[in-house]
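User: Could you walk me through how to read this fold, step by step?

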Amino acid sequence: MSFITPLWPPAASEYAQQVDRLFLGFSALTLLLVLPVFILIGIFALKYRRGRDVDRTHRKGGSVWLETSWAAGPFLLVLGFFGWAVALYVDAQTEPVGALEISGTAKQWMWKFSHHPGGQREINELHVPAGEPVKITLTSQDVIHSLYLPALRLKQDVLPGRYTTLSFTADRPGTYTLRCAEFCGANHSVMGGRIVVQTPRDYARWLSRSGADRSLAQRGKLLFRQYGCSGCHGPASSVKAPDLAGLYGRPVPLESGETIIADDQYIRDSILFPQRAIAAGYPPIMPTFRNVIEEEDLIALTAFIRDTRPADWREE
Ligand code: CUA
């Protein structure tokens, strides 16, 4: 695998091609605006150089129309590109519905990915199907990293203690570079691998070959028992702990009077910092699981809490 990035990286998605068009268009505009200035500097420097017999009288009064147009023209052109860039940015930030979910965990100095539906896990490699929207939820186990996928023209900071997301639809099968783009310590420069975009058939084959026996949510269910969560939060428990069935995505009234939406971040923080946001009407008795549960297990637990409908929960 080569770590040398070609001068112009391949474009593996429609979005990447649009970014290229924007980049080339803006470069052309910049040249268009800058070249006349430098050419005129050259011409005037020659024409008015010392000792030449030319008219040096300062002309009074100019054309208001000319002055205004050469300020307003470039301004409007640049503003047009601003609008174009914002539209692309919003497009990249919009999470597609029904996307294939993958979780990514960064640590010094590797990338770990878990595929939600099948539970397949991989390190420094990311397999995705072509033509299908993918959403990656990222977090870091130590310092700030940044997931950089040049072929998709995408980059997202990966932060400890917080979830960030990256969505894309790659449509050109192939193997492309995957890098860390945030200086994160001694081996930052080798923290990378590859993203493999496959035809849906090849991807299905890869999934079955990388045989995980359970989905991320199912793994979370096992962890839920292993870490003893079910002792208090299980349906049969006698401890007064919030019922987690159907919790995900719902507003949770807090003891402090505030309301918080039960998303990935809330669930993660409740496990690691249980005293931070106490659910209204419950005693603050939950112990912290900081330094006990790893990021990857937190992701699996969250997947379990999220994907389990109230009815499934009570079966056991
Ligand atoms: Cu991780 Cu640089």
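User: In what order do the strands of the open sheet stand?

Analyst: A word on conventions: this is a predicted model, where local features need pLDDT of at least 70, side-chain atom pairs count only at pLDDT 80 or more, and totals for chains, interfaces and linings use all residues. Residues are numbered from 1 along each chain as its sequence is written, and side-chain values use heavy atoms, without hydrogens and water. Strands (E, at least two residues) and helices (H or I, at least four) are DSSP runs numbered from the N terminus, and two strands pair if DSSP finds at least two bridges between them. Here, 5 strands follow the order S3-S2-S1-S5-S8, with mixed pairing. Strands S3 (121-123) and S8 (164-168) each have a single partner strand, so one side of each lacks a neighbour in the sheet.

User: How do S2 and S3 pair?

Analyst: S2 (residues 110-115) pairs with S3 in the antiparallel sense over 3 bridges, and Ser114 stands opposite Arg121 of S3.

User: Which strands does helix H7 lie across?

Analyst: Helix H7 (residues 295-307) lies across S1 (100-107), S2, S3 and S5 (134-140), running at about 155° to S1. Axes are lines fitted to C-alpha atoms, for helices over the stretch in contact (heavy atoms within 4.5 Å), and angles run from 0 to 180 degrees between N-to-C directions.

User: Is Val37 buried, partly exposed or exposed?

Analyst: Buried means under 20% relative accessible area, exposed over 50%, and partly exposed in between (1.4 Å probe, protein chains only). Val37 is in helix H1 and counts as partly exposed because its relative accessibility is 45%.
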